[in-house]
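Here's a walk through one fold, written to be read with the model open beside you. Keep the viewer handy and follow along.

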Amino acid sequence: MNIRYFQKGFNFSQDGPGNRLVYHLQGCAMRCPWCANPEGLAPEGGKLADVNALLDEVDRSRSMFFDGGGVTFTGGEPTLQFEALQYALQALHELGINTAIETNGTHSHLSDLFPLIDHLMIDYKQPFPREHREITGFPLETVLNNLRRACAEHPHVVVHIPLVNGYNASPETIDAFAKTLASFPRRNVYVEPLWYHEYGKEKWERLHMPYTVKNGFIPDKRKREIRDAFKAHGLNVIRT
Ligand code: SF4
């Protein structure tokens, strides 16, 4: 079985706990205008690898997984290659290697993977259905179902909220994010605001794709207000 990725490398404490080997899997069903990895959006491209060869590579890297580290699959969107991802997670689980995924929550069978994931990072990009579809190109419903189930069932969830001025950071939108998450049954859920940055901009331009975000930065004062709004709804906020 093959798996396609466009980037891999070690990262400390950025894509899950400890030192991690991070695979960016190819392809994404969304089209967020601020995406930092536009080279990973198309289903083709990147490098095609045998999953067992990837697992051998992970096994040889075990001494590097210090401070609770392990393997993270991100993207693009890792669940687009569902079978290969499930196979890899199952094998890593059996090897006792810590697993994490970072997902946009679009796969309708995401919860099948919960028992194989130690650290689940799931995005929540827009709380309003019409805006969600307009901005990401994908309907909110499946994402919301996955968020709800993840919060209720998974033992360790970090909800990533990428916040971009002009797209999802107005007081009304922040209030809706907070109210929706606060209404879910929650086991062990953290909210991590991801403040807009421009790391992807040059890549979009290099790929001759129009980069449409303008003035996306969130001022520091507004960041504090947003954190406070989440906390006021009883949410655990990770400071970034
Ligand atoms: S979900 Fe992630 S990878 Fe996909 S377009 Fe949005 S930011 Fe990029």
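Asn-215 has a positive phi of about 50 degrees although it isn't a glycine, and its place is the loop between α6 (201-206) and α7.

You'll find Asp-67 in the loop between α1 (51-60) and β4, and it counts as exposed because it has 10 C-beta neighbours inside 10 Å.

A word on the ground rules: this is a predicted model, so local features need pLDDT of at least 70 and side-chain atom pairs count only at pLDDT 80 or more, while totals for chains, interfaces and linings use all residues. Residue numbers start from 1 along each chain as its sequence is written.

## The sheet

Nine strands make an open, mixed sheet in the order β3-β1-β2-β4-β5-β6-β7-β8-β9. At the edges sit β3 (47-50) and β9 (236-237), each pairing on one side only. Strands pair if DSSP finds at least two bridges between them. Helix α7 (residues 220-232) packs on this sheet, touching β7 (157-163), β8 (189-195) and β9, and its direction makes about 165 degrees with that of β8. That angle is taken between N-to-C directions on a 0 to 180 degrees scale, using axes fitted to C-alpha atoms, for helices over the stretch in contact.

On the β3 side, β1 (residues 2-12) runs antiparallel to β3, with four bridges joining them, and Tyr-5 stands opposite Lys-47. β1 is also antiparallel to β2, this time through seven bridges, with Phe-12 opposite Asn-19. β1 and β2 form a hairpin with six residues between them, and in that turn Ser-13 has a positive phi of about 60 degrees.

## Strand β4 and what follows it

How enclosed is β4 by the rest of the structure? Largely, because five of its five residues are buried. On one side, β2 (residues 19-25) pairs with β4 in the parallel sense over five bridges, and Val-22 stands opposite Thr-72. β4 (residues 70-74) also runs parallel to β5 (residues 98-103), joined by four bridges. Within that pairing, Val-71 has Thr-99 as its bridge partner, and Phe-73 stands opposite Ile-101.

Take a look at the loop between β4 and α2 (82-95), where Gly-76 has its place. The peptide bond from Gly-75 to Gly-76 is cis, with omega near 5 degrees.

## Around the ligand

Those two glycines turn up again around the ligand, whose surrounding residues are Cys-28, Met-30, Arg-31, Cys-32, Cys-35, Asn-37, Leu-41, Gly-75, Gly-76, Glu-77 and Asn-104. To be listed, a residue needs its C-beta atom, placed from the backbone, within 6 Å of the molecule. By class the shell has five nonpolar, four polar and two charged residues. Ala, Val, Leu, Ile, Met, Phe, Trp, Tyr, Cys and Pro count as nonpolar, Asp, Glu, Lys and Arg as charged, and the others, Gly among them, as polar.

## The nonpolar core

In soluble globular proteins, nonpolar side chains tend to be buried together. Here the largest nonpolar core has 53 residues, and Ala-88, Leu-120, Ile-122, Leu-147, Val-157 and Val-159 touch the most other members. Such a core is a set of buried Ala, Val, Leu, Ile, Met, Phe, Trp, Tyr and Cys residues joined through C-beta atoms within 7 Å.

What is Val-159 in contact with, leaving aside neighbours within four places in sequence? The list is Ile-122, Tyr-124, Leu-147, Leu-181, Val-189, Val-191 and Glu-192. Contact means that the C-beta atoms, placed from the backbone, lie within 7 Å.

His-132 lies in α3 (residues 129-136) and is buried, with 21 other C-beta atoms within 10 Å. Not counting residues up to four places away in sequence, His-132 touches Lys-125, Gln-126 and Leu-140. Leu-144, in α4 (residues 140-153), counts as partly exposed, with 17 C-beta neighbours inside 10 Å. Leu-144 and Pro-127 are 17 residues apart in sequence, and 8.6 Å separates their C-alpha atoms.

Notes:
A residue is buried if 20 or more other C-beta atoms lie within 10 Å of its own, exposed if 12 or fewer, and partly exposed in between; C-beta atoms are placed from the backbone. Two residues are in contact if their C-beta atoms, placed from the backbone, lie within 7 Å. Helices (H or I, at least four residues) and strands (E, at least two) are DSSP runs, numbered from the N terminus.
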